[in-house]
Amino acid sequence: MNFIETIRLEGGRFHLLGLHQQRLAATLREVYGGSVCVPDIEAALGSLCDIPDTGIYKCRIVYDTDIREIELLPYSPRTVKTLKAVVADASLDYHLKSCDRTALSALAEQKGNCDEVIIIRNGLVTDTSYTNLVFHSNDRLYTPRLPLLKGVMRQHLLTEGLLTEADIRREDLVEGNRFGITGVSLINAMLPLEYAPVIPIGIRIAS
């Protein structure tokens, strides 16, 4: 089985390498056991030639017990203005960032006329098909306590004390909800919070 780390390269600098390395190590130890030899992401990236020193690139690393592929691609974010809440089977499991995204792709196909989906599992809001979620209220920022995948940007913001974990339900995706949530942003390693647009809840989140 192959896994992925997607790293933001901006202005010649790779972002959040420590957190990416931690997740790679945790993934391999869970799958292969504690004695597995863990590849060094920073060393692998250091061997690359012609790293762009301007612009934003997506660095895609495919690995199992070793790093199998490194790809650099110019990055431009998707435009997402509308979201549709869809219900996933309770057995859906994507806690490891696997190359196999079959289940997530099937859920994304249910978006209809919307741009992306918000996935509900066991009655709780989790993620979109490719990002974690940050919900904006007047006094704080919330993120689902049980995401499908604990992304590195989400972890970074939690460590910085910028996010509050909460059990957010489908009924909280409307105006006048119990958290005072007014909008949502989509974040991942390529989408820092400061660059992530705020999508108003209510009319822009369909059921």
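Which side chain of opposite charge is nearest to K97, and how far away is it? In this predicted model, the answer is E5, at 6.9 Å. K97 is buried but takes part in no salt bridge, because such a bridge requires a side-chain nitrogen of Lys or Arg within 4 Å of a carboxyl oxygen of Asp or Glu. The residue is located in the loop that runs between strand 5 and helix 3 (102-108). Residues up to four places away in sequence aside, the contacts of K97 are F3, I4, T6, R23 and L149.

F3, one of these contacts, also belongs to an aromatic pair. Two such pairs are counted, 2 in total. The ring centres of F3 and Y63 are separated by 5.8 Å and the planes meet at 40 degrees, so the arrangement is classed as tilted. Since F3 is part of strand 1 (residues 3-10) and Y63 is part of strand 3 (residues 56-63), the pair ties together parts 60 residues apart in sequence. F3 has 0% relative accessibility and therefore counts as buried; Y63, also at 0%, is likewise buried.

The largest nonpolar core comprises 19 residues, among which L83, I118, V125, F135 and I168 touch the most other members. Two or more residues each are contributed by strand 5 (83-87), strand 6 (116-121), strand 8 (132-136) and strand 11 (183-187). Beyond its neighbours within four places in sequence, F135 contacts V125, R140, L141, Y142, P144, I168, L173, I181, G183 and V184. In soluble globular proteins, nonpolar side chains tend to be buried together.

Conventions
Residues are numbered from 1 along each chain as its sequence is written. This is a predicted model: local features need pLDDT of at least 70, side-chain atom pairs count only at pLDDT 80 or more; totals for chains, interfaces and linings use all residues. Side-chain values use heavy atoms; hydrogens and water are left out. A nonpolar core is a set of buried Ala, Val, Leu, Ile, Met, Phe, Trp, Tyr and Cys residues joined through side-chain atoms within 4.5 Å. Buried means under 20% relative accessible area, exposed over 50%, partly exposed in between (1.4 Å probe, protein chains only). Helices (H or I, at least four residues) and strands (E, at least two) are DSSP runs, numbered from the N terminus. Contact means heavy atoms within 4.5 Å. Rings of Phe, Tyr and Trp (its six-membered ring) pair if their centres lie within 6.5 Å; planes under 30 degrees apart count as stacked, over 60 as edge-to-face and the rest as tilted. Lys and Arg count as positive and Asp and Glu as negative; His and the chain ends are not counted.
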